[in-house]
Amino acid sequence: MKRLIIMNDLILEVRHLNSFYEEDLTDFSHDDRQQVLRDVSFEIRQGDILGLVGESGSGKTTLARVILGIVKDYNGDVVNHTRLPQMVFQDPFSSLNPARTIGWILEEPLRALEKRAAGEVRRGTADKEEYDWIPRTKAERREAVREMLYAVGLDDEYLERRPWELSGGQRQRVSIASAVITRPRFIIADEPVSALDVTIQAQILELLVELKEKYALSYLFISHDLNVIYQICNRVLVMKQGEIVEQGEVEQVYRHPQHPYTKALLKAAL
Amino acid sequence: MKIRNNAYFITGGILSALLTVIIVVGLFWTPYSTTAMNAKEKMQPPSAMHILGTDNFGRDLFSRVMEGAGTSFLIAVMVVVIGCAAGILIGSLCGYFGGLADIILMHICDTITAFPAILLALVIISITGGGAMNIVLALGILFIPSFARVVRTEYAACRDLNYIKSARLMGVSTPRILYAHILPNTLPVLIPAVTIGFNNAVLAEASMSFLGIGIQPPQASLGSMLKDSQNYLNSAPWYALGTGLAVVLLILAFSLLSEGVQQGSRRK
């Protein structure tokens with residue numbers, strides 16, 4: 001039987017999501033199981049750059065972890081319509097393995113994907129053609145890595161370098177490359193420019209938009225910086241204490257904020 | 001740092017290479033037989049014929065040192081291989097997964113460390129009996145905690161770093177995360193642990209043979225030769241000196257080499 005594939009432009013649906021702190025096994029006081037996410041609902045469509053804004057501790061990163069399946073303690077629905085969503089982290093100094101070369105770091109996602117694809121095809125959960133593009137020899141992988149390096153504004157010269165020889169911006173470019181090289185349709189970027197200085201920030205944001213067009217990506221873009229969200233996102237979620245207090249088109253939300261918290265955030269940013 | 005500026009690496013490297021050559025040659029050929037006794041030549045001071053002199057049986061000491069250093073070296077290497085392999089296995093699983101097993105295993109390790117190693121080795125040897133294989137096993141087991149400890153610490157520190165998180169997201173298998181992603185990051189602490197372990201193993205084997213529970217005659221080891229030599233400290237000081245010097249050189253060479261490797265791999 002052929003699987004029924006519903007073709008639409010939905011990337012991610014989140015419905016009535018509640019999540020709680022993971023319990024600490026060594027802590028026997030069961031009294032406060034703290035709720036991190038409260039009745040979160042939203043969706044991401046093809047081509048969206050959905051901003052997620054809120055102060056520290058509001059549950060932004062937890063939401064990302066639930067979507068990626070790292071946090072499993074939740075109820076509600078998270079329907080991911082894409083395979084293998086990827087993540088770009090804030091700290092470009094811990095997101096690359098310091099003991100490996102850039103070339104190895106970028107080849108590794110392809111090796112992992114090759115194994116995973118073989119498993120999926122064997123189990124019948126994916127069509128073989130879907131993964132035909134995966135480079136299978138060392139030379140093909142190197143070629144794909146080279147191409148990706150150029151796509152993020154670096155070149156072959158970086159193949160044999162180690163992460164600690166690179167600047168923060170260059171490292172973030174490599175992190176982005178390692179996320180995009182597996183050809184995901186959806187990437188979660190958790191504060192991807194917050195650790196960078198302003199000029200590098202602008203370059204990385206530009207790169208993210210460029211890659212979105214080139215590889216038909218959609219982003220969930222997490223940031224505490226309203227200016228950054230304004231520059232790059234088309235829609236925005238405003239989060240406060242685990243709750244989404246406002247969502248809509250960026251222009252709309254920024255010009256006519258409804259919720260007092262959004263108004264306060266905007267006032268603080270300008 | 002450039003290799004030619006790395007004094008530790010150069011001296012350590014030359015010394016270790018020299019000793020390794022002497023030891024490897026000693027496995028197949030020695031200037032004189034290591035067991036043949038010669039009553040006419042006993043207790044001779046160093047000379048052109050016998051550069052380290054001869055012992056109480058008239059055996060050539062240089063030949064004996066060659067063989068003894070080989071024995072000590074091989075035992076130390078095997079001890080470190082056993083301790084290091086098991087230590088990496090235990091340390092990586094404990095550090096990466098944590099949990100109850102981690103707590104229990106690490107407390108066992110602490111308990112073993114709290115005992116003097118030689119004493120524990122004595123207990124094991126008195127149960128299993130002597131012989132090179134038993135010494136290797138006893139010391140190997142005793143050396144596990146020192147490796148497990150440092151490896152565990154590194155794994156526990158790496159476990160939650162973003163590059164490991166993203167490896168998990170990519171679907172990299174757990175064994176591959178453990179040994180292709182994290183293990184290379186433990187090398188800066190593992191290499192010194194290996195060389196210190198090697199030195200301790202040389203000393204431990206020497207101590208055990210010195211106490212008479214290690215390598216049995218007529219096979220030579222540096223420890224058993226030191227034990228024999230103490231009876232002749234006054235009449236034949238070169239016996240103890242030559243043997244002791246071999247122990248010192250062996251340890252010094254590999255310490256220098258390790259220091260050099262560390263300096264060379266230090267990140268700017």
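Guide: Just after α5(A), Ala216(A) takes a positive phi of about 50°. Helices here are DSSP runs of H or I, at least four residues, and strands are runs of E, at least two, numbered from the N terminus. The model is predicted, so local features need pLDDT of at least 70 and side-chain atom pairs 80 or more, while totals for chains, interfaces and linings use all residues. Residues are numbered from 1 along each chain as written, with chains lettered from A and ligands numbered from 1 in written order.

Visitor: Which residues of α5(A) are buried?
Guide: Gln201(A), Ile204(A), Leu208(A) and Leu211(A). Buried is 20 or more other C-beta atoms within 10 Å of the residue's own, exposed is 12 or fewer, partly exposed is in between, and C-beta atoms are placed from the backbone. These four cover an arc of only 90° around the axis, so they sit on the same side of α5(A); the arc is taken from the directions from helix axis to C-beta atoms.

Visitor: What do the buried residues of α5(A) pack against?
Guide: Chain A's α3 (138-151), α4 (168-180), β6 (186-190), β7 (218-223) and α6 (226-232).

Visitor: And what is on the face turned away?
Guide: The exposed Val198(A), Thr199(A), Glu213(A) and Lys214(A).

Visitor: Changing topic: how many residues of chain B are in contact with chain A?
Guide: 12, in contact with 18 residues of chain A. Contact means C-beta atoms, placed from the backbone, within 7 Å.

Methods:
Contact = placed C-beta atoms within 7 Å.
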